[in-house]
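I wanted the fold first, then the packing, then one element in detail.

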Amino acid sequence: MYRPTTLRLASRHCPRAVDHYEQHRPYFREHFSAGIAAHAVLDVLGQQTVKAGRPLNEVQIEGYAEAAARVLLVRGREFDGEREPPMSPGAVFEGRDLAVRWAKQNPLSPTARYELGAGFTAQWMTAGYRGEGVRFRLIFDVLDEIEIADEESAGRGVLVRDYKTAWPTGADELDTLQMRAQAVCASILYPRADFVRQEVVNLRTGEAFTRTLWLQDSGTQIVRWRQDLTTAMDALDEMLAQGMR
């Protein structure tokens, strides 16, 4: 089973790095902690927005963020069905503040789905995040149905948003394997969508970088990206069969 993280590890390092990741081997991750905390807080704010059926006000944002931060400090984050150790106060507070600032300036959508896991078979059929026969899976930070209606174009589509805390995050992030995979998977989950809008948010600067892929025009691009993912997974499978992993 693969995900964007494991494919990136294999391409940047070596196939053996995938084994270490899947076996939950310890690794230095302190520089990711603020980002992990920000994601966790934004997830809570998103879920509470859905429950409310409307954007949260500033008092609610502060209150829910504080409660989420306390959980991270006392119990740690639960990710992929496993409880991680409590996080350091510095990382939690930094991540919380980044999340709160974004949520106040950019009201979260009550129709979106937050931290949504999705899984796909080798034939790119939906199978549930933990479903039988899953070969590739990922977690969307935000997945939302949106509508465009302006002088140039009109249609209904799907937004895939990814939050980043690295200072250099820019428009080039839209072309990473992770964002291409999200576009591919969103187009499968929403087969009637007119477009897929990719959005990368730099929580440090507050900038959002977007690209809209109209499927009538960019469908072949999406198909090519899907084939690239398949090829990458096939290559790693072959390495495994040859004992290279």
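I took helices as DSSP runs of H or I with at least four residues, and strands as runs of E with at least two, numbered from the N terminus. The model is predicted.

Entry one: the fold. I read the order of elements along the sequence as α-α-α-α-β-β-α-β-β-β-α-β-β-α. The protein chain has a radius of gyration of 18 Å, close to the 18 Å from the globule rule for 245 residues, so it is as compact as a globular protein of that length. For the tally, I noted 7 helices and 7 strands. I also looked up the box: along the principal axes, the C-alpha atoms fill roughly 55 × 50 × 35 Å.

Entry two: packing and surface. I found that 46% of the 245 residues count as buried. Among contacts with a separation of 6 or more, 61% join residues 24 or more positions apart. The accessible surface came out at about 13,000 Å². Carbon and sulfur atoms hold 51% of that surface.

I looked up 30 positive and 34 negative charges in the protein chain. Their mean positions lie 5 Å apart.

I placed helix 3 at residues 33–52, which makes 20 residues. From first C-alpha to last, helix 3 reaches 29 Å, close to the 28 Å expected at 1.5 Å a residue. Is helix 3 enclosed or open? I counted a residue as buried under 20% relative accessible area. By that cut-off 14 of the 20 residues are buried, so helix 3 is largely enclosed by the rest of the structure. Next I checked what follows helix 3: G53, with a positive phi near 75°.

Conventions: Residues are numbered from 1 along each chain as its sequence is written. This is a predicted model: local features need pLDDT of at least 70, side-chain atom pairs count only at pLDDT 80 or more; totals for chains, interfaces and linings use all residues. Side-chain values use heavy atoms; hydrogens and water are left out. The radius of gyration is taken over C-alpha atoms; the globule rule is 2.2 Å times the number of residues to the power 0.38. Buried means under 20% relative accessible area, exposed over 50%, partly exposed in between (1.4 Å probe, protein chains only). Contact means heavy atoms within 4.5 Å. Accessible areas come from the Shrake-Rupley method with a 1.4 Å probe; for residues, only the protein chains shown count as cover. Lys and Arg count as positive and Asp and Glu as negative; His and the chain ends are not counted. The place of a charge is taken as NZ of Lys, CZ of Arg, CG of Asp or CD of Glu. The expected span of a helix is 1.5 Å times one less than its number of residues.
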